[in-house]
Amino acid sequence: MSTPFLDLPSSEPERLLPYGWNASLAGDFADLGLPDHQPARVLRAERTACEAITPDGIARVDLVGAHSANQASPTTGDWIAVTPPEPGQARRLAALLPRRTELHRGGSGGASRVQVLAANVDTVFVAVSLSSALRHARTERFLSLAWSSGATPVLVATKADLCPDPDAALEELREVALGIELVSTSAATGEGMERLRSLAVGTVALLGPSGAGKSTLGNALLGEELLDTGAIREADGRGHHTTAWRELLPLPGGGVLLDTPGLRSVGMSGDEEGLERTFGDVEELALGCRFADCEHRTEPGCAVLAAIDEGALSERRLASYRKLLRENAWQASRTDALLRQEIGAKWKSMAKSNRAMKREIKRRDTGR
Ligand SMILES: Nc1nc2c(ncn2[C@@H]2O[C@H](COP(=O)(O)OP(=O)(O)OP(=O)(O)O)[C@@H](O)[C@H]2O)c(=O)[nH]1
Ligand SMILES: [Zn+2]
């Protein structure tokens, strides 16, 4: 196998390794057909420039110039091709490498475009604090966002040391963490940190409500107090927005931590695929309903209501699913009509045929 590096005398491509550079990305870069350029990863993006790690170290990259207007603009986590270093010349963006994953939120305040918050995130740690009342609907929202990005979510329960009955709380969370890893942690005792480190695969993003302990988890992974935690912020009023701030930080045991201000304030994006995965149990049950368009309210032969009667599904979970679907529909109605037509119609027909297929398979399996 050829080395994933480029043969550039002045540069040290090893500099990209702690940021996730690998042979597969080298292949993507080669496919661009820009042999005179260099690969780089975006550490922080602004409107007209970004900061990136290049084989020559961290550099400012101008977004104007060769990069065409109809291409997506780079965001934190993107791999890009940049012009080689030239004395007295700023680097320029030449191309964006294909994204493997995309964390996004729906347009808000009348904006019609979906806003991409981060690219190429492999693992999302969703933090939920055990020190306050659990709000499952909110947690499910974060998990959906993670699923829809293409990354693998992990549910991280924080502040176990402050919880009077952590076992009961975790038991509850297990239903929410359907099919994913659930880790109980405490920054105070170090509980769960080793396991968390082993789950920090690739580029890791932290999601969760304010005060859930994201910065504290990040610092534990980094082995250094690089992120300001609530306690420090309160003490000296410092924020994340200093110019020296980089949003991608290599982890000592491999992997990269991604921490952007935008991710700290995400809600729900118009995405139903992520919901389907988060609520896989409800979707699965719904396949057994007599009517294909069953809304699981009063319909006869409703398998979802039957499961609730039997205690196999909690009413709370169905209610939470409904609420998120409603919220999604509302979000979708706010995005612009064209986008809605294009994406909505495609998704609807896909979902419809998917459902029909699943029902057919189920029918055959059960011989009905
Ligand atoms: N006792 C205890 N306190 C913790 C733990 N984890 C975090 N904290 C405290 O909880 C507070 C909030 O933690 P942060 O890490 O700042 O939370 P955050 O999610 O980054 O918050 P935002 O930056 O507002 O999004 C801080 O005062 C932490 O010291 C824990 O495991 N145990
Ligand atoms: Zn039903």
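Visitor: In which helix is the place of Ala 286?

Guide: The model discussed here is a predicted one. Within it, Ala 286 has its place in the helix that spans residues 280-286, which is helix H8.

Visitor: Is Ala 286 buried or exposed?

Guide: A residue counts as buried when 20 or more other C-beta atoms lie within 10 Å of its own. Ala 286 has 21 other C-beta atoms within 10 Å, and therefore Ala 286 is buried.

Visitor: Which residues does Ala 286 touch, not counting residues up to four places away in sequence?

Guide: With that sequence neighbourhood set aside, the contacts of Ala 286 are Cys 294, His 296, Ala 303 and Val 304.

Visitor: How many residues has the largest nonpolar core, and which have the most contacts inside it?

Guide: In soluble globular proteins, nonpolar side chains tend to be buried together. The largest nonpolar core here has 62 residues, and those with the most contacts inside it are Val 126, Leu 155, Val 156 and Ala 205. This core draws at least three residues from each of domain 1 (13-96) and domain 2 (103-259). Apart from this core lies another, among whose members are Phe 279 and Tyr 321, and its size is 12 residues.

Visitor: What is the strand order of the open sheet of 6 strands, and which are its edge strands?

Guide: The pairing in this open sheet is mixed, and the order is S10-S9-S8-S11-S13-S12. Each edge strand pairs on one side only, and these are strand S10 (181-184) and strand S12 (248-250).

Visitor: Which residue in S13 is the bridge partner of Ala 205?

Guide: Strand S11 (residues 203-207) and strand S13 (residues 256-258) run parallel and are joined by 3 bridges. In S13, Ala 205 has as its bridge partner Leu 258.

Definitions and conventions
Residues numbered from 1 in each chain as written. Chains lettered and ligands numbered in written order. Predicted model: local features only at pLDDT ≥ 70, side-chain atom pairs only at ≥ 80, totals over all residues. Helix = DSSP H or I, 4+ residues; strand = E, 2+ residues; numbered from the N terminus. Contact = placed C-beta atoms within 7 Å. Core = buried A, V, L, I, M, F, W, Y, C linked by C-beta atoms within 7 Å. Domains from an automatic or database assignment. Pairing = 2+ DSSP bridges.
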